[in-house]
Amino acid sequence: MTAIDLLCDHWAETRGVRKSHTLNLRKGPLTIYWRPWTIDERDFVIDGYDPAAEAKMFRPARFKRAFYIKAENEAGERMFTSTDMLMLGSRVDPTIIGTVGGMMLADLNADNSVGNREMVDGDLGLDAPKA
């Protein structure tokens, strides 16, 4: 088995742990699930990151991008298509986008802290962030 096979198999085994949040909407509850962040998903959300500009003002569009890229239904399928992205920013309650997107971004921030963690015997272990 090659190194890439080992790495991919590890990710496949550990990526199944999902988080969720249930929204109580007028027409009934809606549960949104999300998995640990991949490198490509992180790049999509943080695209064009400028620490100096970010320190002055956090862009709310990051909540929308996180919500769009991470939201899954119970079966693990993506909730939104590329055409839904515009409506998420203009026709959905910003409080919902901020709440759920914020939870997803909190996971992203936790995953990004992996570089600051000490390795134990050269191994991050199974409880390490999944990216």
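Student: In this model, do H2 and H4 run roughly parallel or roughly antiparallel to each other?
Tutor: This is a predicted model, in which local features need pLDDT of at least 70 and side-chain atom pairs count only at pLDDT 80 or more, while totals for chains, interfaces and linings use all residues. Helix H2 (residues 39–46) and helix H4 (residues 61–70) have axes that come within 9 Å and cross at roughly 150°, where axes are lines fitted to C-alpha atoms, for helices over the stretch in contact, and angles run from 0 to 180 degrees between N-to-C directions. Angles under 35 degrees count as roughly parallel, over 145 as roughly antiparallel, 65 to 115 as roughly perpendicular and the rest as oblique. The relation of H2 and H4 is therefore roughly antiparallel.

Student: How many helices and how many strands does the chain have?
Tutor: Residues are numbered from 1 along each chain as its sequence is written, and side-chain values use heavy atoms, with hydrogens and water left out. Helices (H or I, at least four residues) and strands (E, at least two) are DSSP runs, numbered from the N terminus. Read from that end, the elements follow the order α-β-β-α-α-α-α-α, and the count for the chain is six helices and two strands.

Student: Which residues of H4 are buried?
Tutor: Buried means under 20% relative accessible area, exposed means over 50%, and partly exposed lies in between (1.4 Å probe, protein chains only). Of the 131 residues of the chain, 28% count as buried, and in H4 seven of the ten residues do, so this helix is largely enclosed by the rest of the structure. The buried residues of H4 are Arg62, Arg65, Ala66, Phe67, Tyr68, Ile69 and Lys70.

Student: With which residue does Glu41 form a salt bridge?
Tutor: A salt bridge is a side-chain nitrogen of Lys or Arg within 4 Å of a carboxyl oxygen of Asp or Glu, and a search of the whole structure finds four of them. Glu41 lies in helix H2 and, at 13% relative accessibility, counts as buried. With closest N and O atoms 2.7 Å apart, the salt bridge partner of Glu41 is Lys70. Glu41 is in helix H2 and its partner in helix H4, so the pair ties together parts that are 29 residues apart in sequence, and the residue at the H4 end is Lys70.

Student: What distance separates the C-alpha atoms of Glu41 and Ile69?
Tutor: Ile69 is one of the buried residues of H4, while Glu41 belongs to helix H2. Along the chain Glu41 and Ile69 are 28 residues apart, and the separation of their C-alpha atoms is 6.9 Å.

Student: Is Arg18 buried or partly exposed?
Tutor: Glu72, its salt bridge partner at 2.9 Å, is buried. Arg18, by contrast, has a relative accessibility of 24% and so counts as partly exposed.

Student: How far away is the nearest side chain of opposite charge from Asp84?
Tutor: Asp84 is found in helix H5 (residues 84–90), and its side chain reaches the backbone nitrogen of Thr81 at 2.9 Å. For charge, Lys and Arg count as positive and Asp and Glu as negative, while His and the chain ends are not counted. Asp84 is buried yet has no salt bridge, and the nearest side chain of opposite charge, that of Arg78, lies at 8.3 Å.

Student: What distance separates the C-alpha atoms of Val92 and Lys64?
Tutor: Val92 has its place in the loop between H5 and helix H6 (94–112), and at 30% relative accessibility it counts as partly exposed. Val92 and Lys64 are 28 residues apart along the chain, and their C-alpha atoms are separated by 9.9 Å.

How values were computed: A polar contact is a pair of N or O atoms within 3.5 Å; within protein, one must be able to donate a hydrogen and the other to accept it, and residues adjacent in sequence count only if both atoms are side-chain atoms.
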